[in-house]
Amino acid sequence: EEKARAALDLGESMEGTMDGIYADLMSATEAGKIKDLVALFVIFNMVKRISDQAKNICEETLFYVTGEVKQGRIHDVLFVDEDNMSLSQMAKAIAIKNYEGSARFDCAGRKAAASVDPALIDFLDNIGIDLGGTKPVQLDTTSETINKYFLIVSLEGTIDRYVPEVPFHTSVIEWDVGSRPEGLQGEALTQRYEELYRELYARISHLVKILRGEEVA
């Protein structure tokens with residue numbers, strides 16, 4: 001059991017290393033070395049297959065020894081917008097409130113606002129979601145951080161506004177959920193947040209079902 005768990009950790013670490021290798025190969029542009037690149041891609045894929053098979057053996061070993069069943073993969077999902085003060089904060093809050101455990105959810109802005117929109121905090125508080133102490137976060141696009149996300153969802157504009165170079169294993173989605181409630185007050189402000197909540201809830205529910213299938217809770 002101990003060796004199987006250690007080898008599984010090694011396999012996960014190796015995947016991260018191979019992501020970097022694959023990115024390097026993809027960025028190679030010297031036409032005279034196309035033949036060499038093709039050979040390297042073949043080797044790369046063979047090594048990855050070995051790693052995957054090794055992890056399968058470790059998972060089977062854990063089942064035989066402990067009865068532990070392989071858990072479905074938990075994906076990392078990132079919601080992004082301009083300043084992380086409203087739309088992306090709401091998306092993350094909805095996802096965690098309703099689907100915590102089905103995926104790991106995070107949010108960030110191209111730039112970080114000074115604070116989360118107080119009207120959003122009040123709206124979510126009235127429906128049982130506490131954002132107390134939450135502060136806007138600026139998106140970190142360094143490879144060490146961005147590579148961990150399986151899916152990045154843009155809530156304002158195209159993904160290239162946020163991530164100039166999307167990692168090869170990361171998928172991206174651009175959702176047009178409408179404008180944020182700027183310049184609104186009173187009932188109009190509350191109504192706009194209700195509309196955004198319903199729109200984001202429906203999209204996130206559909207997304208999680210795609211990620212988890214019948215396993216979604």
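Which residue forms a salt bridge with E82? R161 does, with the closest N and O atoms 2.6 Å apart. A salt bridge is counted here when a side-chain nitrogen of Lys or Arg lies within 4 Å of a carboxyl oxygen of Asp or Glu. The model is predicted: local features need pLDDT of at least 70, side-chain atom pairs count only at pLDDT 80 or more, and totals for chains, interfaces and linings use all residues. Residues are numbered from 1 along each chain as its sequence is written, and side-chain values use heavy atoms, with hydrogens and water left out.

The R161 and E82 pair links distant parts of the chain. R161 sits in the loop between β3 and β4 (171-174), and E82 in the loop between β1 and α3, 79 residues apart. Helices (H or I, at least four residues) and strands (E, at least two) are DSSP runs, numbered from the N terminus. R161 is partly exposed, at 41% relative accessibility. Buried means under 20% relative accessible area, exposed means over 50%, and partly exposed lies in between (1.4 Å probe, protein chains only).

By this rule the salt bridges number 11. R104 and D76 form one of them, at 2.9 Å from N to O. This pair joins strand β2, which holds R104, to strand β1, which holds D76, across 28 residues. R104 is partly exposed at 43%, whereas D76 is buried at 14%. K92 and D106 also pair, with their closest N and O atoms 3.8 Å apart. Here helix α3 supplies K92 and strand β2 supplies D106, 14 residues apart. Both partners count as partly exposed, K92 at 24% and D106 at 25%. Salt bridges with shared partners also join E1, R5 and E68 into one network.

H75 belongs to strand β1. The residue is buried, with a relative accessible area of 11%. Beyond its neighbours within four places in sequence, H75 is in contact (heavy atoms within 4.5 Å) with A103, R104, F150 and L211.

The largest nonpolar core has 32 residues. Such a core is a set of buried Ala, Val, Leu, Ile, Met, Phe, Trp, Tyr and Cys residues joined through side-chain atoms within 4.5 Å. V77, F79, M90, W175, L200 and I204 touch the most other members. Elements giving two or more residues are β1, α3 (87-99), β2 (103-109), α4 (118-126), β3 (151-154) and α6 (186-212). α6 gives the most, with 9 residues. Not counting residues up to four places away in sequence, I204 touches F79, A91, I94, A95, Y99 and W175. A second, separate core of 10 residues includes L78, V80, I146 and I159.

The largest pocket holds about 1,100 Å³ of space. A pocket is an open set of points on a 1 Å grid over the protein atoms alone, where a 1.4 Å probe fits, with protein on both sides within 12 Å along at least five of seven lines; lining residues have an atom within 4 Å of a point. Volume is the space filled by probe spheres set on the points, which are joined across faces, edges and corners. Of the 30 lining residues, E12, E15, K55, R73 and I74 are the closest to the centre of this pocket. α1 (2-27), α2 (34-66) and β1 (75-81) each give two or more residues to the lining. α1 supplies the largest share, 8 residues. The lining divides into 8 nonpolar, 7 polar and 15 charged residues. Ala, Val, Leu, Ile, Met, Phe, Trp, Tyr, Cys and Pro count as nonpolar, Asp, Glu, Lys and Arg as charged, and the others, Gly among them, as polar.
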